[in-house]
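Subject: Structure for you to look at

Hi there,

Here is the structure I promised to pass on. Have a look at it first, and then read on for my notes.

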Amino acid sequence: MTEDFNNNNDVYFDFSDDEEDIIELTDEDGIVERFQYIATIPYEGEEYVLLTNAMDEEQDDEDYAEVVVLKIEQDENGEDIYVSCDEEDTRQAVFDLFQQLLEEEDED
């Protein structure tokens with residue numbers, strides 16, 4: 001699993017605070033939430049996106065940021081959509097790969 005990840009050049013990161021990196025997602029109840037894009041991680045032939053809560057003026061940088069892992073799929077028009085990743089093992093594996101890559105970047 002780790003070897004496949006390390007040999008893949010399709011990993012994307014963005015740690016900027018740019019407004020253009022904000023993604024608005026609507027849940028099944030119609031509630032819109034704002035997320036900050038972090039990374040796209042390939043895992044076992046699929047791609048997953050990592051997002052975190054978008055910071056607003058009422059939050060400070062020391063607030064805990066939850067990372068959300070969503071699977072990237074295509075709808076009937078071929079557009080990317082993000083769907084819940086219901087498998088805890090998969091979510092954890094994707095997050096672990098993300099952390100591993102961060103550690104490797106810190107070593108460089």
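A salt bridge here is a side-chain nitrogen of Lys or Arg within 4 Å of a carboxyl oxygen of Asp or Glu. Please keep in mind that this is a predicted model.

With that cut-off, four salt bridges turn up in the structure. Which residues are linked in a network of salt bridges? They are E46, K71 and E73. K71 pairs with E46, with their closest N and O atoms 3.9 Å apart. Since K71 belongs to strand β5 (residues 67-74) and E46 to strand β4 (residues 46-53), this pair ties together parts that are 25 residues apart in sequence. K71 also forms a salt bridge with E73, and there the closest N and O atoms are 3.7 Å apart.

Leaving aside residues up to four places away in sequence, E46 touches I41 and K71. From E46 to I72 the C-alpha distance is 7.5 Å, although 26 residues separate them in sequence.

Another of the salt bridges joins E24 and R34, whose closest N and O atoms are 3.6 Å apart. E24 is in strand β2 (residues 22-26) and R34 is in strand β3 (residues 32-43), so here the parts tied together are ten residues apart in sequence. Is E24 buried or exposed? It is exposed, with a relative accessible area of 52%, while R34 is partly exposed at 37%.

Now for helix α2, which covers residues 88-107. At 1.5 Å a residue, its 20 residues should span 28 Å, and the C-alpha atoms at its ends are 29 Å apart, which agrees. Which residues of α2 are buried? The list is T90, A93, V94, L97, F98, Q100 and L101. Looking down the axis of α2, you will find these buried residues within an arc of 160°, so they line one face of the helix. An α-helix has 3.6 residues a turn, so residues three or four places apart point the same way. The face of α2 turned away from the buried side carries exposed residues, namely D89, E103, D106 and E107.

Last, the aromatic rings. The structure holds two aromatic pairs. One of them is formed by F95 and F98, with 6.0 Å from centre to centre and 45° between the planes, which makes the pair tilted. Both residues lie in helix α2, three residues apart, or about one turn of the helix. F98 counts as buried, at 6% relative accessibility, whereas F95 is partly exposed, with a relative accessible area of 23%.

If you open the model in a viewer, you could begin with the network of E46, K71 and E73 and then turn to the buried face of α2.

Best wishes

Technical notes. Residues numbered from 1 in each chain as written. Predicted model: local features only at pLDDT ≥ 70, side-chain atom pairs only at ≥ 80, totals over all residues. Heavy atoms only, no water. Helix = DSSP H or I, 4+ residues; strand = E, 2+ residues; numbered from the N terminus. Expected span 1.5 Å × (residues − 1). Buried < 20%, exposed > 50% of the residue type's maximum accessible area, 1.4 Å probe, protein only. Arc of directions from axis to C-beta. Contact = heavy atoms within 4.5 Å. Phe/Tyr/Trp six-rings, centres within 6.5 Å; stacked < 30°, edge-to-face > 60°.
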